[in-house]
Amino acid sequence: MSASLLQLRGVSRHFQTGHIVQALNDIDLTVEAGEFLLILGPSGSGKSTLLSVIGGLDRPTAGEIALENQPIHSLGENKLAHLRRKKVGFVFQFFNLLSTLSALDNVALPLRMNGVSTAEARAKAKAMLQQVGLGDRLDHYPAELSGGEQQRVAIARALINSPTLLLADEPTGNLDSKNGTMIMELLQRFNREYKQTIITVSHDHAFKSIAHRVLHMRDGYIADIEHLRSKDN
Ligand code: ADP
Ligand code: MG
């Protein structure tokens, strides 16, 4: 295999719920380090399933997935969980913050789960929240934050471990356009300044102004791949 960051070969995912749903069908995809990939497609076309198998939240029923040349489709549950914690950051449409933890402790949590001390985890979480413009919201609980602020906390949490790959599923889908633009610009900044590799699913075509490539999904297939701009500019 080449030195690409992520490779999928013949990846399929079928669900058996009475009848068989072919959510993903024979997907081949290569993603380079530093890329910003946008996945567009109608509802039900397999976008979330694709992100889940890439991030090790779900397993393909056929095919191979390698992250930094490490096959992940065949990893046991413990090793897969370890890989997720170390190498993948997730951002979801509905933020998925823990309501009983402050913004600071939400962001510190992934570090704590990797064995970092409370003091060090909090110091790093504070620096990360400052980076996303929430240095004055450290002690706020999710219910005390706007949707846009909650999503910025979620991005800080996803990036706190310096993941190899940031995966975002409709990250602006629950935000108004002003906050959606802010989240988009934040993702673009991490991609440009820190070469953070990002794969985001969206209905929002505004992401085309910042993505390097667009993957168009239809019925579990890649219908088209659009090259928008070079990642090296
Ligand atoms: P998208 O994110 O593009 O809207 P999904 O990846 O969520 O699409 O779903 C793709 C297809 O797989 C849909 O037909 C959906 O109903 C089906 N699907 C997704 N997850 C499951 C599941 N856990 N069990 C059964 N079917 C599923
Ligand atoms: Mg989806």
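Start by selecting α3 and α5, whose axes come within 7 Å and cross at roughly 25 degrees. This is a predicted model in which local features need pLDDT of at least 70, side-chain atom pairs count only at pLDDT 80 or more, and totals for chains, interfaces and linings use all residues. Residues are numbered from 1 along each chain as its sequence is written, chains are lettered from A and ligands numbered from 1 in the order in which they are written, and side-chain values use heavy atoms, with hydrogens and water left out.

Some terms are needed before moving on. Helices (H or I, at least four residues) and strands (E, at least two) are DSSP runs, numbered from the N terminus. Axes are lines fitted to C-alpha atoms, for helices over the stretch in contact, and angles run from 0 to 180 degrees between N-to-C directions. Angles under 35 degrees count as roughly parallel, over 145 as roughly antiparallel, 65 to 115 as roughly perpendicular and the rest as oblique.

**Stop one: α3 with α5**

α3 and α5 are therefore roughly parallel to each other. To see the contact (heavy atoms within 4.5 Å), select A103, N106, V107 and P110 in α3, which meet V153, A156 and R157 in α5. Five of these contact residues are nonpolar, one is polar and one is charged.

**Stop two: α3 with α4**

On the α3 side, select A103, L104, D105, V107, A108, L111 and R112; they meet T118, A121, R122, K124, A125, K126, M128 and L129 in α4. The contact of α3 with α4 has nine nonpolar, one polar and five charged residues.

**Stop three: α5 with α6**

Now select helix α5 (residues 147-159) and helix α6 (residues 177-194), which pack at an angle of about 20 degrees with their axes 9 Å apart. α5 and α6 are therefore roughly parallel to each other. In α5, G148, Q151, R152, I155 and L159 meet N179, M182, I183, L186, L187 and F190 in α6. Seven nonpolar, three polar and one charged residue make up the contact of α5 with α6.

**Stop four: ligand 1**

Which residues are around ligand 1? Select F15, T17, V21, A23, P42, S43, G44, S45, G46, K47, S48 and T49 (a heavy atom within 4 Å) to show them. A backbone N or O atom of G44 is 2.7 Å from an oxygen atom of ligand 1. For S48, a polar side-chain atom lies 2.9 Å from an oxygen atom of ligand 1. In T49, a side-chain N or O atom is 2.6 Å from an oxygen atom of ligand 1.

Note on methods: Nonpolar A, V, L, I, M, F, W, Y, C, P; charged D, E, K, R; others polar. Polar contact = N/O pair within 3.5 Å; in protein donor to acceptor, adjacent residues only side chain to side chain.
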